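Please look at the sequence and the structure together as I speak.

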Amino acid sequence: MEETAQHLSSDPEQMDCETQARAEDGVGTGDSSSGEAPGSSRPAAAGPQAGQGGDVSTQMTDLSKDRTEPKPARLKTFNRVMERSLQKLINDISFQRFAQTFHPLYKESPQVTESIHRQFVSQLQDSIREDIAQIVEEGDLEVKFEELDRLEKAAEDSMELAWRPSGVPEEDLCGFVMPYYLQQQEYLRRELRKLQKENASLAQKVLAGREAIARAEQQLSQSVEELQVSESAVQEFVSSL
């Protein structure tokens, strides 16, 4: 047995040659019987095509589902993102970091430190959630998100091409600013015409007031003259008596 083992271990090249010869004999047998390589058959080649067709149908089904399924509400997405961010923040505030920061307290009383950490995390979560709810309420985000959905749907239904930058900042800035300036110019012209009309009306009123004052002065002077004439006539009459 030992001699046989030594013989086999001492001649590995002969073993490799025998193994290769056996493999070539097997290949030759397969070639002579079917004319094709072993393990390759036409029905097996049809398998990937069938699988590919199944993948295509699955992809088409997924696309149809994506088109038919409604998109999640933006407010829910906002709340979900805020909640995930809050959870990441809370995960960063681990008890291990808390204990390392307040190591003297942890060394003296680990249970108290753990209780303080739990209270801190709980109060921090409540405070952040209250702030987020206040932001949503004060900013009226639900209405703003609905308006954004409406604008997005209107943009999808519109056939007009969206604006794209031309690559020249000066032209893009002029194209964006000039309509605003023209609008402001037209607004100022309207206001100027309005003020000119008001000034003309006020000028007419002032002129009419001046004419009324002049007529009043003339009437007053006539009345004074008539009084003077009456006074002189009375004096003459009294003197004649």
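Let me begin with a definition: rings of Phe, Tyr and Trp (its six-membered ring) pair if their centres lie within 6.5 Å, and planes under 30 degrees apart count as stacked, over 60 as edge-to-face and the rest as tilted. With that in hand, Phe98, Phe102 and Phe120 form one aromatic cluster. A search across the whole structure returns 5 aromatic pairs. Tyrosine 180 and tyrosine 181 have ring centres 5.9 Å apart and planes at 50 degrees, so this pair is tilted.

Before going further, a word on the source. This is a predicted model, in which local features need pLDDT of at least 70 and side-chain atom pairs count only at pLDDT 80 or more, while totals for chains, interfaces and linings use all residues. Residues are numbered from 1 along each chain as its sequence is written, and side-chain values use heavy atoms, with hydrogens and water left out.

Now the overall architecture. The protein has 9 helices and 0 strands, where helices (H or I, at least four residues) and strands (E, at least two) are DSSP runs numbered from the N terminus. Of the 241 residues, 7% count as buried. Here buried means under 20% relative accessible area, exposed means over 50%, and partly exposed lies in between (1.4 Å probe, protein chains only). By this scale tyrosine 180, at 47% relative accessibility, counts as partly exposed. As for contacts (heavy atoms within 4.5 Å), residues 24 or more positions apart account for 55% of those with a separation of 6 or more.

I turn next to helix α7. This helix has 29 residues and reaches 42 Å from its first C-alpha to its last, close to the 42 Å expected at 1.5 Å a residue; the expected span is 1.5 Å times one less than the number of residues. Which residues of α7 are buried? They are Thr113, His117, Val121, Gln125, Ile132 and Val136. The cover over these residues includes α4 (74-92), α5 (95-101), α6 (103-108) and α8.

Leaving out residues up to four places away in sequence, threonine 113 touches Phe95, Phe98, Leu105 and Tyr106. A polar atom of the threonine 113 side chain lies 2.8 Å from the backbone oxygen of serine 109. Glutamine 125 also lies in α7, and its 17% relative accessibility makes it count as buried. Beyond its neighbours within four places in sequence, glutamine 125 is in contact with Leu86, Gln87 and Ile90.

What makes up the largest nonpolar core? It has 5 residues, namely Leu75, Ile132, Val136, Leu141 and Phe145. The elements giving two or more residues to this core are α7 (110-138) and α8 (141-157). A nonpolar core here is a set of buried Ala, Val, Leu, Ile, Met, Phe, Trp, Tyr and Cys residues joined through side-chain atoms within 4.5 Å. Leucine 75 touches Val136, Glu142 and Phe145, again not counting residues up to four places away in sequence.

Between α7 and α8 there is a loop that holds aspartate 140. Most residues other than glycine have a negative phi. Aspartate 140, however, has a positive phi near 50 degrees. At 36% relative accessibility, aspartate 140 counts as partly exposed.

Finally, aspartate 149 is placed in helix α8 and counts as partly exposed, at 34% relative accessibility. Where does its side chain make a polar contact? The partner is the side chain of arginine 74, at 2.3 Å. A polar contact is a pair of N or O atoms within 3.5 Å; within protein, one must be able to donate a hydrogen and the other to accept it, and residues adjacent in sequence count only if both atoms are side-chain atoms. Aspartate 149 and arginine 74 are 75 residues apart in sequence, and 8.2 Å apart in space from C-alpha to C-alpha.
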